Amino acid sequence: MIERSTTRSGETSKRRFRFDKPLPLPAALAVAAASGLLLTTAFQPLGWWPLVLVATIGELWALRGRTLKAALLVGAVSGAAFWFVHISWVTVYLGPVPLIALGLFMTIWRALGAMGIAFAYRVLEQRLSRGWQLLGVPFAVAAIMVMRETLSATVPWGGFSWGRLAFTQSGTIVGDAVSWTGVSGLSFLLMWLAALVVQLIVQRRMEARRRITVGAVAAIALVAVPAYPVQLDDSLRIGAVQGASEAGLLAPYTQGQIIEEHYEAAQQLEGSYDLVVLPENAGEFNPQQDPRASALISDIADDADAPVVVGAVTGTSEEYYNSAILWEPDGGPIDVYHKRHPVPFAEYLPARDFFEPILDAMGFLELIPRDYSTDPTMPNAFDTPGFTAGVAICFDIIDDALMREMVTEHGAQIILAPTNNADFGEGSAENVQQLAIAQMRAQELGRSTVNISTVGTSAMILPDGTVVEQLPQYEPGVMSHDLPTSSTITPAARFGSIVDWALPILGLLTLLTAMILNPKRGNRSV
């Protein structure tokens, strides 16, 4: 409680600020904006991961006691402050329009989620006793926030699974829990801890020492969760090549330039390998039908005495795929994987009949000249002699279902993540944010991961999320490392899809139970 004394006409009055009372709406909007901005610092490139709790506490404090209409506004302010900074890299070459469109879309999700959170606060704080509030409110609030993340990561057109709270914990001690819970479960735990702190702050009738003890025990418990024990098998000598090629949508390059630059960089590889990985688009268009590109890739495979995985556009004039090709020494291309999660409004135009005239009028249609096709039945893993490698091309890495599938259904013992970040500029936050997601996948699935980009940030990651080798951005180079394989199926891989939806359902059931069984108690929302 904060007291302020003022004197008027010889009389002293006291104005008291109480944390258990809802903030005035102007103050709530200011706190929401500050929280959204603060949340960006928990992600890469700054990576101040503990601040995810501070930012989430601020957001919840601003939403507590709000009407649905006010919550929509508070959520929109928080969402805009976060998203327009967090994904500002979209503008580097593509200008402000894509940022405005994607930022507004994700802000709407955040605003809708804010309404659900405010509703949960209103229902549970009106209908539960203070003791039950300490249990029910944090659980329900965190569950609704997970619902917001899950829906925005899947709806529509595969969603945009970026900016999830769990991704702030890549490579951290808190991130170890993801091998048990999956990404949604880890986000839930972070949200639950933040919501618990808010409830402890507003529980004025509970002794301060007890509140501090409860909060400290909860935080220590989260940090103390060990990673799921992963049994490591053999080691593989993996090479990866970054050509530093300007391979973006608008980049001026000549046919054959990108594969030649990667071939030149690959000359730095020494000795023999079990596998060599080249980035997304490194092989340009149909390299298996281009004598020069085919010869260069075969030379890389022969020199390394190992299969090569190379990214390329494949298909015909009627149908295109964003593909990874498995290229054997002396045998050429023997297998192919077509990207399963193409990016809407980048690799294909959803509802083209509706959006094409709009984008054409704005001058953006030339950026999406063709729609990439996909084959949803195609395994996202390559079987090579002695091991199975899962393949996640670019934004495949943010698709929970695809990442679990490669391990549980196709037996991937190592993860390859070829990508092309050339559209986002040197020093881009997008590169390191994507690397953080790859780190989180390594921890979640217990697999060594090779994140290899045309321009960076390229890195090799151990199953515990540790980066053991990394290349600077926009410099040609290679990585070589002995990476362990594993066939362990983590709880996150096995049960992650259940967690994604079980938590929101249980949160809604908590609200429904409170509304049915408990009488309404007085409370005021603003």
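The model is predicted: local features need pLDDT of at least 70, side-chain atom pairs count only at pLDDT 80 or more, and totals for chains, interfaces and linings use all residues. Residues are numbered from 1 along each chain as its sequence is written, and side-chain values use heavy atoms, with hydrogens and water left out. The pLDDT is the predictor's confidence in each residue, from 0 to 100. Its mean over the protein chain is 91, and 94% of the residues reach 70 or more. Over residues 1–13 the pLDDT is below 50. Beyond near neighbours in sequence, this stretch has 22 contacts (heavy atoms within 4.5 Å) in the model.

The largest nonpolar core holds 110 residues. Such a core is a set of buried Ala, Val, Leu, Ile, Met, Phe, Trp, Tyr and Cys residues joined through side-chain atoms within 4.5 Å. Buried means under 20% relative accessible area, exposed over 50%, and partly exposed in between (1.4 Å probe, protein chains only). L60, V141, W162 and I238 touch the most other members of the core. Helix α7 (residues 178–202) gives the most to this core, with 12 residues. Helices (H or I, at least four residues) and strands (E, at least two) are DSSP runs, numbered from the N terminus. A second, separate core has 22 residues, including A266, L296, A312 and V478.

Strand pairing involves β3 (residues 232–242). Two strands pair if DSSP finds at least two bridges between them. β3 and β14 run antiparallel and are joined by 9 bridges. Within this pairing, I238 has H481 as its bridge partner, and S235 stands opposite P484. Strand β14 (residues 477–486) is mostly covered, with 8 of its 10 residues buried. β3 also pairs with strand β4 (residues 275–277), in the parallel sense, over 3 bridges. Here A240 stands opposite V277.

The model has 14 salt bridges. A salt bridge is a side-chain nitrogen of Lys or Arg within 4 Å of a carboxyl oxygen of Asp or Glu. R64 and E125 form one, at 2.9 Å from N to O. R64 lies in the loop between α2 (51–63) and α3 (68–86) and E125 in helix α5 (residues 96–127), so the pair ties together parts that are 61 residues apart in sequence. R64 is buried, at 9% relative accessible area. E125 is buried too, at 10%.

E260 and R292 form another salt bridge, with the closest N and O atoms 3.6 Å apart. E260 lies in helix α9 (residues 257–266) and R292 in helix α10 (residues 291–304), so this pair ties together parts 32 residues apart in sequence. E260 is partly exposed, at 31%. R292 also counts as partly exposed, at 48%.

E444 and R441 meet in a salt bridge of 2.8 Å, N to O. Both lie in helix α13 (residues 429–445), 3 residues apart, about one turn of the helix. E444 and R441 are both buried. They belong to a network of salt bridges that links E149, R164, D400, R441 and E444.

D176 is buried yet has no salt bridge. Its place is in the loop between α6 (130–152) and α7. The nearest side chain of opposite charge, R447, is 14 Å away. Lys and Arg count as positive and Asp and Glu as negative; His and the chain ends are not counted. Leaving aside neighbours within four places in sequence, D176 is in contact with V225, P226, A227 and Q443.
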